[in-house]
Amino acid sequence: NPVISTSGSWVAARIVPSLEERETSEDPSSLRNGLALFELPSGEMEQIDGVRSFAFSADGRWLAYLRYAEEDEGTDSEAADPEEPAGDRKPGTVLVLRNLDSQAETRISDVRAYRFDEDGGHLAYSVATADNSRDGLYIRDLQSGTEQAVHAAPFGHYTGMTWTESGSHLAFVVATEDEDGQPGHGAVFSWDGSVTSESVTEADAPEGWVIPADTDLSWSKDGERLFFGWRPLRADETEDEAGEPDSEDAETADFDAYDVDEILSDRGVDVWHWMDPRIMPQQKVQWNREKDRTFRAVHHLGSATTVKLADPSVPDLRLPSNASVALATSGVPYLRESTWTGGRSDAYVVDLATGERTLFAEGIDDRPSLSPNGRYAVHYEDGHYHLYDVAAGTARNVTADLGVPIADEDHDYPN
């Protein structure tokens with residue numbers, strides 16, 4: 001999709017391989033996207049091949065684009081560098097940073113991900129090198145061109161780079177990769193413009209919970225609270241795999257078409273019960289999403305405290321715009337009946353300081369909402385709107401005395 005710079009002078013758009021190229025290529029995976037860059041005042045267009053992603057800075061003065069990895073030159077194994085690291089861990093690629101005023105470019109090697117701040121003054125990027133010598137997260141001052149290492153660690157895996165609206169703080173997740181580039185569990189870090197702090201670790205999580213390396217991070221509008229996700233360990237993550245055969249031995253074993261044990265090794269069976277919350281086909285479809293689902297928590301920077309807000313019993317929490325409470329909903333008690341009713345939910349107000357939940361609506365089929373200041377919550381039920389006063393803990397029907405119906409029986413979704 002085309003992106004217009006905030007200065008209004010540039011438009012960038014992704015170029016994808018044509019249908020003919022995709023259909024006739026012997027190796028479609030080798031096809032690469034490109035970048036089309038338009039200068040609107042002059043009408044000139046520049047096409048850049050081999051671009052994975054791109055972004056404008058917030059002030060529209062800078063363009064960053066990440067290249068694909070360069071193709072191997074086809075050296076044989078005998079000529080390979082004996083010092084080359086083992087495993088399949090992939091280094092980053094070249095990030096090109098262009099000053100759109102001067103057209104000067106800076107090339108930064110081994111970059112995996114990058115993110116401009118909200119003011120256009122800094123660029124954060126993660127680096128992964130083949131020899132692990134420069135693995136880390138870096139911040140570049142776009143005016144001076146200076147680079148600062150915010151965090152550095154061999155085999156470092158950096159995700160979730162998120163700036164505050166003021167651009168003064170950066171949050172990110174750090175994990176450690178194995179030789180094949182697979183990350184372990186993570187920890188949440190923040191940088192305040194000068195100092196990097198480890199904000200949340202697994203020690204802060206409930207027992208048996210972890211912080212995934214790919215968890216989402218979100219700042220509050222005032223930058224005082226950092227929202228993130230964690231989750232319980234799955235049963236398959238704690239099982240002992242000592243009895244599994246070595247993959248190399250399995251690959252070199254002689255093939256036997258009549259090996260009954262091998263034929264039955266991939267057998268499976270679906271175990272279900274008529275009282276399961278979800279029917280079996282739905283469980284299968286949603287497994288890949290649900291198995292890695294995270295539940296929101298909040299870290300308060302001022303008090304350096306972390307509070308769990310959601311969990312499997314109340315899984316859905318919306319990020320608030322106030323500093324006191326958030327709105328959460330749970331359809332868990334109604335999962336089984338949702339097969340034929342479409343689903344209902346319970347609604348809660350959650351205290352951000354303590355994690356305490358207050359139930360204010362039960363079994364509703366509406367999507368409740370919270371006022372911007374967190375004082376009121378409202379929902380629609382039985383043809384009327386109900387207002388919940390968070391501070392007073394009281395609820396009232398605000399449309400019962402209007403004298404006119406607000407529900408249309410021919411259209412039962414209010415708008």
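## Strands, cores and a pocket in a predicted model

Strands β1, β2, β3 and β4 form an open sheet in the order β1-β2-β3-β4, with antiparallel pairing. The edge strands, each pairing on one side only, are β1 (3-4) and β4 (44-49). Within this sheet, β2 (residues 10-15) and β3 (residues 34-39) are antiparallel and share six bridges. R14 has L35 in β3 as its bridge partner. Strands here are DSSP runs of E with at least two residues, helices are runs of H or I with at least four residues, and both are numbered from the N terminus. Two strands pair if DSSP finds at least two bridges between them.

The model is predicted: local features need pLDDT of at least 70, and side-chain atom pairs count only at pLDDT 80 or more, while totals for chains, interfaces and linings use all residues. Residues are numbered from 1 along each chain as its sequence is written, and side-chain values use heavy atoms, with hydrogens and water left out.

### The whole protein

The protein has six helices and 28 strands. Its C-alpha atoms fill a box of roughly 85 × 70 × 50 Å along the principal axes. Of its 415 residues, 36% count as buried. Buried means under 20% relative accessible area, exposed means over 50%, and partly exposed lies in between, for a 1.4 Å probe and protein chains only. Among contacts (heavy atoms within 4.5 Å) between residues at least 6 apart in sequence, 45% join residues at least 24 apart.

### Strand β6 and its partners

Strand β6 (residues 62-67) is largely enclosed by the rest of the structure, because five of its six residues are buried. On one side of the description stands β5 (residues 51-56), which runs antiparallel to β6 and is joined to it by five bridges. F56 is placed opposite L63 in β6. The two strands form a hairpin with five residues between them, and G60 in the turn has a positive phi of about 75 degrees. Strand β7 (residues 93-99) also pairs with β6 in the antiparallel sense, over five bridges. Here L66 is opposite L95 in β7.

The table lists accessibility for residues from several parts of the chain.

| Residue | Relative accessible area | Class |
|---|---|---|
| Y138 | 7% | buried |
| D222 | 45% | partly exposed |
| Q103 | 36% | partly exposed |
| D110 | 24% | partly exposed |

Y138 belongs to strand β10 (residues 136-141). Leaving aside neighbours within four places in sequence, Y138 is in contact with L123, A124, Y125, V127, E147, Q148, A149 and V150. D222 sits in the loop between β17 (218-219) and β18. D222 and A69 are 153 residues apart in sequence and 39 Å apart in space, C-alpha to C-alpha.

Most residues other than glycine have a negative phi. Q103, in the loop between β7 and β8 (105-116), has a positive phi of about 65 degrees although it is not a glycine. D110 lies in strand β8 and has a positive phi of about 65 degrees, again without being a glycine.

### Nonpolar cores

A nonpolar core is a set of buried Ala, Val, Leu, Ile, Met, Phe, Trp, Tyr and Cys residues joined through side-chain atoms within 4.5 Å. The largest has 26 residues, and V188, L217, F228, W230, L309 and L317 have the most contacts inside it. At least two residues of this core come from each of β13 (170-176), β18, β19 (295-300), β22 and β23 (345-351). The largest share, four residues, comes from β18. Not counting residues up to four places away in sequence, L217 touches G160, T162, A171, F172, V173, V188, L226, F227 and F228. Another core, of 14 residues, lies apart from the largest one and includes W62, V111, L123 and Y125.

### The second largest pocket

The second largest pocket holds about 1100 Å³ of space. Of its 38 lining residues, R278, E290, R293, P315 and L335 are the closest to its centre. The elements giving two or more residues to the lining are β18 (225-232), α5 (280-290), β21 (316-318) and β22 (325-330). The largest share, six residues, comes from α5. A pocket is found on a 1 Å grid over the protein atoms alone, as an open set of points where a 1.4 Å probe fits, with protein on both sides within 12 Å along at least five of seven lines; lining residues have an atom within 4 Å of a point. Grid points are joined across faces, edges and corners, and the volume is the space filled by probe spheres set on the points.
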